[in-house]
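Please look over the sequence and the model before reading on.

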Amino acid sequence: MSWIPFKIGQPKKQIVPKTVERDFEREYGKLQQLEEQTRRLQKDMKKSADADLAMSKSAVKVSLDLLSNPLCEQDQDFLNMVTALDTAMKRMDAFNQEKVNQIQKTVIEPLKKFGSVFPSLNMAVKRREQALQDYRRLQAKVEKYEEKEKTAPVLAKLHQAREELRPVREDFEAKNKQLLDEMPRFYNSRLDYFQPSFESLIRAQVVYYSEMHKIFGDLSQQLDQPGHSDEQRERENEAKLSELRALSIVADD
(Lines give C-alpha, C1' and ligand atoms only; values in the text may rest on other atoms or scores of the structure.)
Protein backbone atom coordinates (compact mmCIF):
# COMPACT_ATOMS: atom_id res chain seq x y z
CA MET A 1 0.00 0.00 0.00
CA SER A 2 1.28 3.46 -0.81
CA TRP A 3 0.02 6.75 0.59
CA ILE A 4 -0.50 9.66 -1.80
CA PRO A 5 0.64 12.92 -0.18
CA PHE A 6 -1.76 15.83 -0.28
CA LYS A 7 -0.67 19.03 -1.99
CA ILE A 8 -2.85 21.32 0.15
CA GLY A 9 -2.52 21.76 3.89
CA GLN A 10 0.67 19.76 4.28
CA PRO A 11 2.54 20.52 7.51
CA LYS A 12 6.26 21.19 7.44
CA LYS A 13 6.71 19.05 10.55
CA GLN A 14 7.10 15.29 10.03
CA ILE A 15 4.17 14.17 12.18
CA VAL A 16 4.57 10.42 11.49
CA PRO A 17 8.13 9.05 11.51
CA LYS A 18 9.11 7.38 8.26
CA THR A 19 10.02 4.18 10.10
CA VAL A 20 6.50 4.01 11.58
CA GLU A 21 4.93 4.58 8.18
CA ARG A 22 7.13 1.87 6.63
CA ASP A 23 6.20 -0.55 9.40
CA PHE A 24 2.53 0.19 8.83
CA GLU A 25 2.76 -0.28 5.07
CA ARG A 26 4.68 -3.55 5.49
CA GLU A 27 2.18 -5.06 7.94
CA TYR A 28 -0.86 -3.95 5.97
CA GLY A 29 0.70 -5.19 2.73
CA LYS A 30 1.10 -8.65 4.26
CA LEU A 31 -2.57 -8.69 5.23
CA GLN A 32 -3.66 -7.55 1.77
CA GLN A 33 -1.71 -10.46 0.30
CA LEU A 34 -3.24 -12.84 2.87
CA GLU A 35 -6.73 -11.60 1.98
CA GLU A 36 -6.16 -12.32 -1.72
CA GLN A 37 -4.65 -15.75 -1.00
CA THR A 38 -7.58 -16.67 1.30
CA ARG A 39 -10.13 -15.60 -1.32
CA ARG A 40 -8.35 -17.57 -4.05
CA LEU A 41 -7.99 -20.67 -1.87
CA GLN A 42 -11.66 -20.63 -0.90
CA LYS A 43 -12.63 -20.35 -4.58
CA ASP A 44 -10.30 -23.18 -5.62
CA MET A 45 -11.49 -25.46 -2.80
CA LYS A 46 -15.11 -24.87 -3.83
CA LYS A 47 -14.30 -25.67 -7.48
CA SER A 48 -12.45 -28.82 -6.42
CA ALA A 49 -15.37 -30.01 -4.24
CA ASP A 50 -17.87 -29.36 -7.03
CA ALA A 51 -15.67 -31.22 -9.53
CA ASP A 52 -15.37 -34.20 -7.16
CA LEU A 53 -19.15 -34.42 -6.80
CA ALA A 54 -19.68 -34.09 -10.55
CA MET A 55 -17.19 -36.90 -11.16
CA SER A 56 -18.85 -39.43 -8.86
CA LYS A 57 -22.36 -38.47 -10.01
CA SER A 58 -21.28 -38.98 -13.63
CA ALA A 59 -19.81 -42.38 -12.77
CA VAL A 60 -23.12 -43.45 -11.20
CA LYS A 61 -25.02 -42.24 -14.27
CA VAL A 62 -22.74 -44.25 -16.56
CA SER A 63 -23.34 -47.43 -14.56
CA LEU A 64 -27.09 -46.83 -14.61
CA ASP A 65 -26.98 -46.29 -18.38
CA LEU A 66 -25.16 -49.58 -18.74
CA LEU A 67 -27.78 -51.37 -16.65
CA SER A 68 -30.46 -50.19 -19.06
CA ASN A 69 -28.45 -51.47 -22.01
CA PRO A 70 -30.23 -54.34 -23.86
CA LEU A 71 -27.13 -56.50 -23.42
CA CYS A 72 -27.98 -56.84 -19.74
CA GLU A 73 -31.20 -58.60 -20.70
CA GLN A 74 -29.41 -61.05 -22.97
CA ASP A 75 -26.19 -61.85 -21.15
CA GLN A 76 -26.22 -62.77 -17.47
CA ASP A 77 -22.44 -62.42 -17.15
CA PHE A 78 -22.61 -58.89 -18.54
CA LEU A 79 -25.48 -58.09 -16.17
CA ASN A 80 -23.48 -59.38 -13.21
CA MET A 81 -20.46 -57.31 -14.23
CA VAL A 82 -22.45 -54.09 -14.68
CA THR A 83 -24.34 -54.68 -11.43
CA ALA A 84 -21.03 -54.99 -9.61
CA LEU A 85 -19.83 -51.79 -11.29
CA ASP A 86 -23.05 -49.97 -10.35
CA THR A 87 -22.71 -51.06 -6.72
CA ALA A 88 -19.09 -49.85 -6.65
CA MET A 89 -19.98 -46.49 -8.23
CA LYS A 90 -22.77 -45.90 -5.74
CA ARG A 91 -20.45 -46.73 -2.85
CA MET A 92 -17.86 -44.38 -4.32
CA ASP A 93 -20.45 -41.60 -4.66
CA ALA A 94 -21.60 -42.04 -1.06
CA PHE A 95 -18.06 -41.79 0.31
CA ASN A 96 -17.32 -38.89 -2.01
CA GLN A 97 -20.38 -37.01 -0.75
CA GLU A 98 -19.24 -37.63 2.82
CA LYS A 99 -15.75 -36.38 1.98
CA VAL A 100 -17.06 -33.22 0.31
CA ASN A 101 -19.40 -32.51 3.24
CA GLN A 102 -16.47 -32.84 5.61
CA ILE A 103 -14.31 -30.50 3.51
CA GLN A 104 -17.17 -27.98 3.28
CA LYS A 105 -17.58 -27.97 7.05
CA THR A 106 -13.92 -28.01 8.12
CA VAL A 107 -12.13 -26.16 5.31
CA ILE A 108 -14.37 -24.09 3.04
CA GLU A 109 -16.56 -22.61 5.78
CA PRO A 110 -13.56 -21.64 7.99
CA LEU A 111 -11.94 -20.00 4.95
CA LYS A 112 -15.13 -18.04 4.35
CA LYS A 113 -15.31 -16.93 8.00
CA PHE A 114 -11.65 -15.94 8.02
CA GLY A 115 -12.15 -13.90 4.86
CA SER A 116 -15.11 -12.07 6.42
CA VAL A 117 -12.72 -10.33 8.84
CA PHE A 118 -10.89 -8.36 6.15
CA PRO A 119 -13.64 -5.80 5.35
CA SER A 120 -13.56 -4.64 9.00
CA LEU A 121 -9.77 -4.48 8.88
CA ASN A 122 -9.81 -2.45 5.67
CA MET A 123 -12.36 -0.07 7.18
CA ALA A 124 -10.14 0.43 10.23
CA VAL A 125 -7.25 1.30 7.91
CA LYS A 126 -9.45 3.84 6.08
CA ARG A 127 -10.43 5.43 9.38
CA ARG A 128 -6.77 5.64 10.33
CA GLU A 129 -5.99 7.33 7.01
CA GLN A 130 -8.83 9.82 7.49
CA ALA A 131 -7.54 10.61 10.99
CA LEU A 132 -4.07 11.15 9.51
CA GLN A 133 -5.47 13.58 6.93
CA ASP A 134 -7.23 15.55 9.69
CA TYR A 135 -4.05 15.52 11.77
CA ARG A 136 -1.98 16.88 8.88
CA ARG A 137 -4.53 19.55 8.03
CA LEU A 138 -4.73 20.88 11.60
CA GLN A 139 -0.96 20.65 12.12
CA ALA A 140 -0.49 22.78 8.99
CA LYS A 141 -3.04 25.25 10.38
CA VAL A 142 -1.11 25.50 13.67
CA GLU A 143 2.16 26.04 11.81
CA LYS A 144 0.57 28.81 9.72
CA TYR A 145 -0.38 30.80 12.84
CA GLU A 146 2.98 30.07 14.50
CA GLU A 147 4.74 31.78 11.56
CA LYS A 148 2.61 34.93 11.74
CA GLU A 149 3.30 38.01 13.82
CA LYS A 150 2.20 37.35 17.39
CA THR A 151 -0.71 39.75 17.63
CA ALA A 152 -3.58 39.16 20.01
CA PRO A 153 -5.97 37.87 17.29
CA VAL A 154 -3.26 35.59 15.90
CA LEU A 155 -2.45 34.21 19.34
CA ALA A 156 -6.12 33.54 19.94
CA LYS A 157 -6.41 31.68 16.66
CA LEU A 158 -3.21 29.79 17.43
CA HIS A 159 -4.59 28.71 20.79
CA GLN A 160 -7.83 27.59 19.17
CA ALA A 161 -5.97 25.67 16.43
CA ARG A 162 -3.85 23.88 19.04
CA GLU A 163 -6.98 22.94 20.98
CA GLU A 164 -8.50 21.52 17.78
CA LEU A 165 -5.30 19.65 16.98
CA ARG A 166 -4.87 17.90 20.34
CA PRO A 167 -7.86 15.45 20.21
CA VAL A 168 -7.28 14.79 16.50
CA ARG A 169 -3.63 13.93 17.14
CA GLU A 170 -4.59 11.66 20.04
CA ASP A 171 -7.24 9.97 17.89
CA PHE A 172 -4.76 9.25 15.10
CA GLU A 173 -2.07 8.02 17.50
CA ALA A 174 -4.57 5.66 19.15
CA LYS A 175 -5.78 4.27 15.81
CA ASN A 176 -2.22 3.93 14.51
CA LYS A 177 -1.00 2.15 17.65
CA GLN A 178 -3.95 -0.23 17.69
CA LEU A 179 -3.39 -1.27 14.07
CA LEU A 180 0.36 -1.62 14.49
CA ASP A 181 -0.25 -3.85 17.53
CA GLU A 182 -3.08 -5.94 16.09
CA MET A 183 -2.13 -6.41 12.42
CA PRO A 184 0.94 -8.59 13.18
CA ARG A 185 -1.07 -10.58 15.73
CA PHE A 186 -3.84 -11.23 13.24
CA TYR A 187 -1.35 -12.22 10.53
CA ASN A 188 0.49 -14.61 12.85
CA SER A 189 -2.80 -16.20 14.00
CA ARG A 190 -3.40 -17.67 10.53
CA LEU A 191 -1.29 -20.75 11.30
CA ASP A 192 -3.20 -21.71 14.44
CA TYR A 193 -6.50 -21.01 12.67
CA PHE A 194 -5.88 -22.96 9.47
CA GLN A 195 -3.81 -25.91 10.73
CA PRO A 196 -6.83 -27.89 12.07
CA SER A 197 -8.68 -27.24 8.80
CA PHE A 198 -5.94 -28.63 6.61
CA GLU A 199 -5.30 -31.55 8.95
CA SER A 200 -8.99 -32.37 8.51
CA LEU A 201 -8.63 -32.01 4.73
CA ILE A 202 -5.76 -34.51 4.69
CA ARG A 203 -7.65 -36.97 6.91
CA ALA A 204 -10.74 -36.73 4.70
CA GLN A 205 -8.65 -37.49 1.62
CA VAL A 206 -6.87 -40.40 3.32
CA VAL A 207 -10.16 -41.96 4.45
CA TYR A 208 -11.72 -41.49 1.02
CA TYR A 209 -8.86 -43.01 -0.98
CA SER A 210 -8.49 -45.86 1.52
CA GLU A 211 -12.16 -46.69 0.93
CA MET A 212 -11.68 -46.35 -2.83
CA HIS A 213 -8.84 -48.89 -2.63
CA LYS A 214 -11.20 -51.34 -0.90
CA ILE A 215 -14.12 -50.67 -3.26
CA PHE A 216 -12.14 -51.09 -6.46
CA GLY A 217 -10.21 -54.01 -4.99
CA ASP A 218 -13.51 -55.81 -4.37
CA LEU A 219 -14.70 -54.87 -7.85
CA SER A 220 -11.53 -56.17 -9.43
CA GLN A 221 -11.91 -59.53 -7.67
CA GLN A 222 -15.47 -59.85 -8.95
CA LEU A 223 -14.54 -59.01 -12.55
CA ASP A 224 -11.16 -60.64 -13.00
CA GLN A 225 -11.00 -63.84 -15.04
CA PRO A 226 -8.22 -66.14 -13.83
CA GLY A 227 -5.28 -66.28 -16.19
CA HIS A 228 -6.32 -63.21 -18.21
CA SER A 229 -3.78 -60.44 -18.47
CA ASP A 230 -4.47 -56.94 -19.75
CA GLU A 231 -2.70 -57.85 -23.00
CA GLN A 232 -4.90 -60.91 -23.46
CA ARG A 233 -8.05 -58.87 -22.90
CA GLU A 234 -6.85 -56.29 -25.40
CA ARG A 235 -6.22 -58.98 -28.03
CA GLU A 236 -9.65 -60.46 -27.41
CA ASN A 237 -11.27 -57.05 -27.82
CA GLU A 238 -9.40 -56.45 -31.07
CA ALA A 239 -10.49 -59.84 -32.39
CA LYS A 240 -14.13 -59.13 -31.57
CA LEU A 241 -13.86 -55.69 -33.14
CA SER A 242 -12.47 -57.25 -36.31
CA GLU A 243 -15.45 -59.59 -36.45
CA LEU A 244 -17.80 -56.63 -36.16
CA ARG A 245 -16.00 -54.75 -38.92
CA ALA A 246 -16.41 -57.75 -41.17
CA LEU A 247 -20.18 -57.53 -40.98
CA SER A 248 -21.74 -56.17 -44.14
CA ILE A 249 -23.79 -53.52 -42.33
CA VAL A 250 -20.61 -51.80 -41.11
CA ALA A 251 -18.32 -52.61 -44.00
CA ASP A 252 -17.02 -49.79 -46.21
CA ASP A 253 -18.82 -49.23 -49.50
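## Salt bridges and helix packing

Lys-46 is partly exposed, with a relative accessible area of 38%. This value, like the others in this report, comes from a predicted model. The side chain of Lys-46 forms a salt bridge with that of Asp-50, at 2.9 Å from N to O, and Asp-50 is likewise partly exposed, at 39% relative accessibility. Both Lys-46 and Asp-50 belong to helix H1, which covers residues 18-67, and they are four residues apart, or about one turn of the helix.

Side chains of opposite charge can pair when their charged atoms come close.

| Salt bridge | Distance, N to O |
|---|---|
| Glu-27 and Arg-26 | 3.3 Å |
| Lys-46 and Asp-50 | 2.9 Å |
| Asp-52 and Lys-99 | 2.8 Å |

The side chains of Asp-52 and Lys-99 meet in a salt bridge of 2.8 Å, taken from N to O. This pair links distant parts of the chain, with Asp-52 in helix H1 and Lys-99 in helix H3 (residues 76-115), 47 residues apart. Is Lys-99 buried or exposed? With a relative accessible area of 4%, Lys-99 is buried, because the cut-off for a buried residue is under 20%.

Salt bridges that share partners also join Asp-23, Arg-26, Glu-27 and Lys-30 into one network. Glu-27 has a relative accessibility of 9% and counts as buried, whereas Arg-26, at 45% relative accessibility, counts as partly exposed.

The packing of helix H1 can be described next. How are H1 and H4 oriented to each other? Helix H4 spans residues 118-147, and H1 and H4 pack at an angle of about 155 degrees with their axes 11 Å apart. Because angles over 145 degrees count as roughly antiparallel, H1 and H4 are roughly antiparallel to each other. Their crossing is left-handed.

On the H1 side, the residues that meet H4 are Glu-21, Phe-24, Tyr-28, Leu-31, Leu-34, Glu-35 and Thr-38, while on the H4 side they are Phe-118, Leu-121, Asn-122, Val-125, Arg-128 and Leu-132. Sorted by class, the contact of H1 with H4 has eight nonpolar, two polar and three charged residues.

Terms used. Residues are numbered from 1 along each chain as its sequence is written. This is a predicted model: local features need pLDDT of at least 70, side-chain atom pairs count only at pLDDT 80 or more; totals for chains, interfaces and linings use all residues. Side-chain values use heavy atoms; hydrogens and water are left out. A salt bridge is a side-chain nitrogen of Lys or Arg within 4 Å of a carboxyl oxygen of Asp or Glu. Buried means under 20% relative accessible area, exposed over 50%, partly exposed in between (1.4 Å probe, protein chains only). Helices (H or I, at least four residues) and strands (E, at least two) are DSSP runs, numbered from the N terminus. Axes are lines fitted to C-alpha atoms, for helices over the stretch in contact, and angles run from 0 to 180 degrees between N-to-C directions. Angles under 35 degrees count as roughly parallel, over 145 as roughly antiparallel, 65 to 115 as roughly perpendicular and the rest as oblique. A crossing is left-handed if the near helix is turned anticlockwise from the far one by less than a right angle, and right-handed if clockwise. Contact means heavy atoms within 4.5 Å. Ala, Val, Leu, Ile, Met, Phe, Trp, Tyr, Cys and Pro count as nonpolar, Asp, Glu, Lys and Arg as charged, and the others, Gly among them, as polar.
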